[in-house]
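Hi everyone, thanks for having me.

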Amino acid sequence: MKKEVYKKSGFTLALILVSATALLIYSNSFFSPFHFDDIGNIIKNSKIRSLANFHNFSGTRYIGELSFALNYHFGRLSVFGYHVVNIVIHIINGLLVWLLAGLTLRTPVMERFKMDSRTRWFIALAASLIFIAHPVQTQAVTYIVQRFA
């Protein structure tokens, strides 16, 4: 029971730290205007104006265009919503990095290092926070059309 409580609280703490870090770093981009390819892929893209255009699950950028259509449906061309979705996607990816690092540290090859669960948790969290805060991620988070990538 105690180990299960630690696992739940460990995930909750990681979620809070990763989310807070991402929000602190990228909060100044919430009202950044559309740039470059955003104009053609969002503002001038008539396909995203109606969710009815997405009944056919084909195309190389289906998920990205559907996400733009959902953004348009709920907030029209309010840039705030598009940036919120990009940051939420980045937070989810940061948590996936945390989970992947934690799983990797539990493999039989890593057992020779004799790490306890807290050490593995901290190493996985450090990897996740580096992913969240690394400057190379700036374009992927703040430039809306990079959601395609």
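Let's begin with a pair of helices: α3 and α4 are oblique to each other. Please keep in mind that this is a predicted model. The axes of α3, residues 62-75, and α4 come within 9 Å and cross at roughly 135°. The crossing of α3 and α4 is right-handed. And who meets whom here? On the α3 side you'll find Phe68, Asn71 and Tyr72, and they meet Gly81, Tyr82 and Val85 in α4.

Now stay on α4, which covers residues 79-105, and look for His83. Is His83 buried or exposed? Its relative accessibility is 1%, so His83 counts as buried. Setting aside neighbours within four places in sequence, His83 is in contact with Ser29, Phe30, Ser32, Val141, Thr142 and Ile144.

Next, follow α4 to its other partner, α5. These two pack at an angle of about 145°, and their axes are 8 Å apart. The crossing of α4 and α5 is right-handed.

Let's take a closer look at α5 itself. It has 17 residues, 117-133, and at 1.5 Å a residue they should span 24 Å; the end C-alpha atoms are 24 Å apart, which agrees. Which residues of α5 are buried? They are Arg120, Trp121, Ala124, Leu125, Ser128 and Ile132. These residues cover an arc of only 130° around the axis, which puts them on the same side of α5. Here's a handy rule for reading that pattern: an α-helix has 3.6 residues a turn, so residues three or four places apart point the same way. On the other side of α5, Phe122 and Ile130 are exposed.

Finally, two loop residues. Phe36 sits in the loop between α1 (2-26) and α2 (37-43). Its phi is near 45°, a positive value in a residue other than glycine. With a relative accessibility of 70%, Phe36 counts as exposed. Lys114, in the loop between α4 and α5, has a phi near 55°, again a positive value in a residue other than glycine. At 73% relative accessibility, Lys114 counts as exposed.

That's my tour, and I'm happy to take questions!

Note on methods:
Residues are numbered from 1 along each chain as its sequence is written. This is a predicted model: local features need pLDDT of at least 70, side-chain atom pairs count only at pLDDT 80 or more; totals for chains, interfaces and linings use all residues. Side-chain values use heavy atoms; hydrogens and water are left out. Helices (H or I, at least four residues) and strands (E, at least two) are DSSP runs, numbered from the N terminus. Buried means under 20% relative accessible area, exposed over 50%, partly exposed in between (1.4 Å probe, protein chains only). Contact means heavy atoms within 4.5 Å. The expected span of a helix is 1.5 Å times one less than its number of residues. The arc is that of the directions from the helix axis to the C-beta atoms. Axes are lines fitted to C-alpha atoms, for helices over the stretch in contact, and angles run from 0 to 180 degrees between N-to-C directions. Angles under 35 degrees count as roughly parallel, over 145 as roughly antiparallel, 65 to 115 as roughly perpendicular and the rest as oblique. A crossing is left-handed if the near helix is turned anticlockwise from the far one by less than a right angle, and right-handed if clockwise.
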